[in-house]
Amino acid sequence: MGEPIERMGECHSCSECCQTVNMTVVRDITIQQHGSLKELELYLSYRGIRVVGSDEEENRLYYSMAVPCSELTKDNRCRVHDSPNKPLICLRFPTTKQDIEEIPDCGYNFQSTRRGANW
Ligand code: SF4
Ligand code: SF4
């Protein structure tokens with residue numbers, strides 16, 4: 001059984017999580033299609049997509065695309081906050097440590113509820 005982990009902290013409205021769309025793809029097939037990870041990164045870079053993580057064990061690659069949300073205002077407010085139109089993923093974000101790996105300044109962090117351990 002895994003460690004009991006609890007989300008701590010709070011959102012300070014930096015809007016970083018509203019600026020990108022993240023995707024997970026199958027690692028081995030994708031790299032095979034492009035010949036190498038370097039070639040894949042070059043190809044994606046022309047489309048504004050970055051490879052932000054690679055997990056050989058899980059056979060996954062993680063992409064990040066700079067696509068700001070249309071509901072984000074110039075002063076970093078969410079137009080649909082506190083409304084039924086707010087996407088579920090936004091209401092719940094972040095749900096895992098991996099969600100904020102690329103956002104070191106996020107106001108949330110994840111800690112083990114086991115004494116003496118934290119992430
Ligand atoms: S990255 Fe974290 S602190 Fe910043 S807006 Fe998103 S949830 Fe809030
Ligand atoms: S809907 Fe709101 S919280 Fe979700 S990404 Fe857009 S601006 Fe951010």
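**Terms and values**

Author: In helix H1, the residues Thr 30, Ile 31 and His 34 meet Leu 37, Glu 39, Leu 40 and Tyr 43 of helix H2. Contact here requires C-beta atoms, placed from the backbone, within 7 Å of each other. Helices (H or I, at least four residues) and strands (E, at least two) are DSSP runs, numbered from the N terminus. The model is a predicted one, in which local features need pLDDT of at least 70, side-chain atom pairs count only at pLDDT 80 or more, and totals for chains, interfaces and linings use all residues. Residues are numbered from 1 along each chain as its sequence is written, while chains are lettered from A and ligands numbered from 1 in the order in which they are written.

Reader: Why are H1 and H2 called roughly perpendicular to each other?

Author: H1 (residues 27-34) and H2 (residues 37-45) pack at an angle of about 80 degrees, and their axes are 8 Å apart. The axes are lines fitted to C-alpha atoms, for helices over the stretch in contact, and angles run from 0 to 180 degrees between N-to-C directions. Angles under 35 degrees count as roughly parallel, over 145 as roughly antiparallel, 65 to 115 as roughly perpendicular and the rest as oblique. H1 and H2 are therefore roughly perpendicular.

Reader: What makes S2 and S3 the edge strands?

Author: The open sheet of 3 strands has the order S2-S4-S3, with antiparallel pairing. Strand S2 (20-26) and strand S3 (49-55) each pair on one side only. Two strands pair if DSSP finds at least two bridges between them; S2 and strand S4 (residues 60-66) have 7 bridges in the antiparallel sense. Within this pairing, Met 23 has Tyr 63 in S4 as its bridge partner. H1 packs on the sheet, where it touches S2, S3 and S4, and its direction makes about 90 degrees with that of S2.

Reader: Why does Ile 5 count as partly exposed?

Author: A residue is buried if 20 or more other C-beta atoms lie within 10 Å of its own, exposed if 12 or fewer, and partly exposed in between; C-beta atoms are placed from the backbone. Ile 5 has 16 C-beta neighbours inside 10 Å and therefore counts as partly exposed. Ile 5 is found in strand S1 (residues 5-9). Its contacts, leaving aside neighbours within four places in sequence, are Phe 110, Gln 111 and Ser 112.

Reader: What makes Asn 76 and Asp 82 exposed?

Author: Asn 76 has 12 other C-beta atoms within 10 Å and is therefore exposed. Asp 82 has 7 and is likewise exposed. The loop between S4 and H3 holds Asn 76 and also Asp 82. Asn 76 has a positive phi of about 60 degrees although it is not a glycine, and phi of Asp 82 is near 60 degrees.

Definitions and conventions: Contact = placed C-beta atoms within 7 Å.
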